[in-house]
Amino acid sequence: MIPLAVVALMFAACMGAGAAVLNLLGTLRDLDPGERAPWSFTVGMGAIGWIVFFPAAAGVLDVSGLLASGIVASAGLILLRGEATTTRNRHEAPNAIGRTLLAAIVVVLFFDMLEGMSPPADADTLSYHFALPKQFLEAGRLEFVPRAGTGAAPLLLQMTYMLALALGGELALTLWTMASSWMAAALLFSVCRRHLDLNWSLAMALLFLTTPAVLYGGGSGQVEARLVLFALAAAVAAQQTITTGRWGWGVLAGLLVGFYAGAKFMGLLFAAATGIALLLGRGWFRRGAVFGLVVLVAGFQWYSWNWMHTGDPTFPVLFKILNLPDSTIWNRAHDAIYRQIYFGAESPLPTNLFWYLAYPFAATLGYEPGLEASRTGLGPYGLLVFPFALAGAWRFRSQLVSSPLRTPALIVFLFYTFWFFSGTSQRIRHLLPVYPLLLLCIVVAATRWTDRRSLRRPLVVATGIAILVQLGGQGVFALNYARHVFSGESREAFLRRNVANFDVALWINQHLTSSDRVMITETQLIYPLKVPNYFAHSAAQVVVDLTARTSNSARFV
């Protein structure tokens, strides 16, 4: 019961804190009552992750203090009952199709719960998403981990993981990551209701919940499913500030973009895309200046943390550009090796115009295994609905400039462009945060074009096929967790089945003590180990040099 109570408290704290921020900015009253919970949760989760950085960096992590702070933040829930100035989303009772979609969503959430009740087994989650919060709690403070990508990284969302782990243990942590990803679907539904009817909005929520990339990362420590919250709300807030000219929406957009940047380096690309979109129209200079300042305040922490320890705020991306000197944690020779290995493995497609246009099709159809579309992709729906959306965009081309979705559409276009040509990882799951924005834009265009046309039925059929395919994938994915939950399988047996070389971690935990030190090269064993350990990698860290040029065995020992 304690883990469930902890997750409930964290939800209450996020919504309470978020409602307080929205109320302070004067934007809460612009939201329908049904919109307020997901919007408040989004802002509150980012704000709590931002705030927790400071006591963690100061080394004053105290469980009782964290618990008291959560209870105090929950008081903001009373603000959700405030008067609204809009009734944009009229109440609409679901018909037979709507009830079927709701039933399917309930089934999906049940399958998700099976994963939430199972131990974490995803490699990246065990490597750093859960391992770093565990390390910080054991140390009682933040510790700088001189490891590229999976150590020295923006960790705003992992600060909320740390809270769940501190207050309710591992089960609270896994339930929190699962349940918090559901709020992305809730926010998408509320935004869709501004432009679509109830059935289409429910279909979009169901399609998102069963997207392969969401199935892969939603219940783990992977952050992309939760970054959807920041990206989706920020794009809507940016459109609102352009439309209304009100500063509150501009500040809110800056906060959300800053939270995105504070949770993942790719948030910097999203910040650039949103900033450019905000520069369109009258009052662009002041609007852009306010936005930029707020983004800096909301997103500066982890970049400052990296800069303090390495001289590079995006360690190790700017090491060569800034001409930083060699040190015990990074050097020129190793930087060259890292760039060669990383960009060779993470960017299999050439960054030219042809692949820029072909990437969505190649990734969806599984052309290049390195894109990981087969298990972490965005599903078939984008391709199925694309012809309808293209026809709708052409049919209503004269209205595109005045469309309420013009800013979200521009942000998606700019983000994709910056992402593809930046030379960063081309794994398709990195596009998941903006996928709901794309989904919203193309579905609105498609439904407008097929309205009162005989083509409405093919669009509905295409949507149904995508839902059925993804529901089938959800069922297969859930079998592993159902076996664990319903068979009474032990934690160790589950991890033996799902984590490579887990027996090594079991042996170490049984035979060594806290006075021992272990060096490992298996990234998925970091979190399960109870013995002090250091993860050595040939490319991602320098402290223990494992590259081929190392030949001094005495120094290695």
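Mentor: Before we start, contact here means heavy atoms within 4.5 Å. And keep in mind that this is a predicted model.

Trainee: Okay, which residues is A213 in contact with, leaving aside its neighbours within four places in sequence?

Mentor: First place it: A213 is found in helix α9, residues 212-217. With the neighbours within four places in sequence left aside, its contacts are G218, T376, G377, L378, R429 and L432.

Trainee: Is A213 buried or exposed?

Mentor: The cut-off for buried is under 20% relative accessible area. A213 has a relative accessible area of 4%, so A213 is buried.

Trainee: Now the helix pairs. Are α10 and α11 roughly parallel or roughly antiparallel?

Mentor: Helix α10 covers residues 224-244 and helix α11 covers 247-263, and their axes sit 8 Å apart at an angle of about 155°. Angles over 145 degrees count as roughly antiparallel. So α10 and α11 are roughly antiparallel.

Trainee: What classes of residue make up the contact of α10 with α11?

Mentor: On the α10 side you'll find L227, F230 and A231, among others, and they meet a set in α11 that includes W249, L252 and F259. By class, that contact has 15 nonpolar, 4 polar and no charged residues.

Trainee: And how many charged residues are in the contact of α4 with α21?

Mentor: Helix α4 (residues 96-116) packs on helix α21 (residues 456-487) at about 35°, in a left-handed crossing. Among the α4 residues meeting α21 are D112 and E115. The tally is 14 nonpolar and 2 polar, and the charged residues number 2.

Terms used
Residues numbered from 1 in each chain as written. Predicted model: local features only at pLDDT ≥ 70, side-chain atom pairs only at ≥ 80, totals over all residues. Heavy atoms only, no water. Axes fitted to C-alpha atoms, helices over the stretch in contact; angles between N-to-C directions. Helix = DSSP H or I, 4+ residues; strand = E, 2+ residues; numbered from the N terminus. Parallel < 35°, antiparallel > 145°, perpendicular 65-115°, else oblique. Nonpolar A, V, L, I, M, F, W, Y, C, P; charged D, E, K, R; others polar. Left-handed = near helix turned anticlockwise from the far one by under 90°. Buried < 20%, exposed > 50% of the residue type's maximum accessible area, 1.4 Å probe, protein only.
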